[in-house]
Amino acid sequence: MNGSGTLWLYFVLVFGIIALPGLDMAYVLANALTGGRGAGLAAVGGIVAGGVCHIAMGALGVAAIVRLWPALFNVLLVAGAAYIAWIGWNLARAGATTLEVRADAPAQPASSVFLKGMATCLLNPKAYVFMLAIFPQFLKPAQGPIWAQATSLGLITAGTQAGVYGGVALLAQRAGGSLGASGLATRAVGMLLVGTGIVTVVQGWQA
């Protein structure tokens, strides 16, 4: 397969993985619904930044450490799921106290949302599965410098994340605005995040 065909195949795989609901998407959805467009896009920025870090780790071979030490994957799995569940629990509690957030006024600074989004991505076990099982298959020494190939794959990943999660953020922001970002909606999103964390642990541990 030539370089162009390889990149298209990579894009199709990445798009399917990113479009599948998970911790990253849940975090973007939560912030867009409760904090408006600004918070939603800040969350997207953090997720994309985390994805860039994953690509860098994959290119440098750091992901091999997880393969050599399987217990580390379980640690990342539990940490990521617990983190997103903690965010969800806080949202659920805030909703219970009749939290009212305007769609154009983030509940927390954009920088905080960004950093937490980056942490969410870095603790997402799905990303490590991708880096171990899929990413290395697209790095071909015979096709040129590894860093150049990794850069191309990283740009595809970042662009896909921005497109998919950005769309989720904008759609959720509109939904949140029509609902008035009520305390009920906030509680619902919070419980969604808690449930996502629990399902992630169960499915990941079984796998």
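Start by selecting Trp 8, which sits in helix H1 (residues 3–19); helices here are DSSP runs of H or I with at least four residues, strands are runs of E with at least two, and both are numbered from the N terminus. You're looking at a predicted model, where local features need pLDDT of at least 70, side-chain atom pairs count only at pLDDT 80 or more, and totals for chains, interfaces and linings use all residues. Residues are numbered from 1 along each chain as its sequence is written, and side-chain values use heavy atoms, with hydrogens and water left out.

Is Trp 8 buried or exposed? Trp 8 is exposed, with a relative accessible area of 58% (buried means under 20%, exposed over 50%, partly exposed in between, with a 1.4 Å probe and protein chains only).

Next, select Asn 31 in helix H2 (residues 23–60). Asn 31 counts as buried, at 7% relative accessibility. Leaving out residues up to four places away in sequence, Asn 31 touches Gly 36, Ala 39, Gly 40, Ala 43, Gln 108 and Val 113 (contact means heavy atoms within 4.5 Å).

Now show the whole of H2. Where does H2 bend? Look at Gly 36, where H2 bends by about 150°, the angle between axes fitted to the seven residues ending there and the seven starting there. Of the 38 residues of H2, 27 are buried, so this helix is largely enclosed by the rest of the structure.

Finally, zoom out. The chain has 8 helices and 0 strands, and 43% of its 207 residues count as buried.
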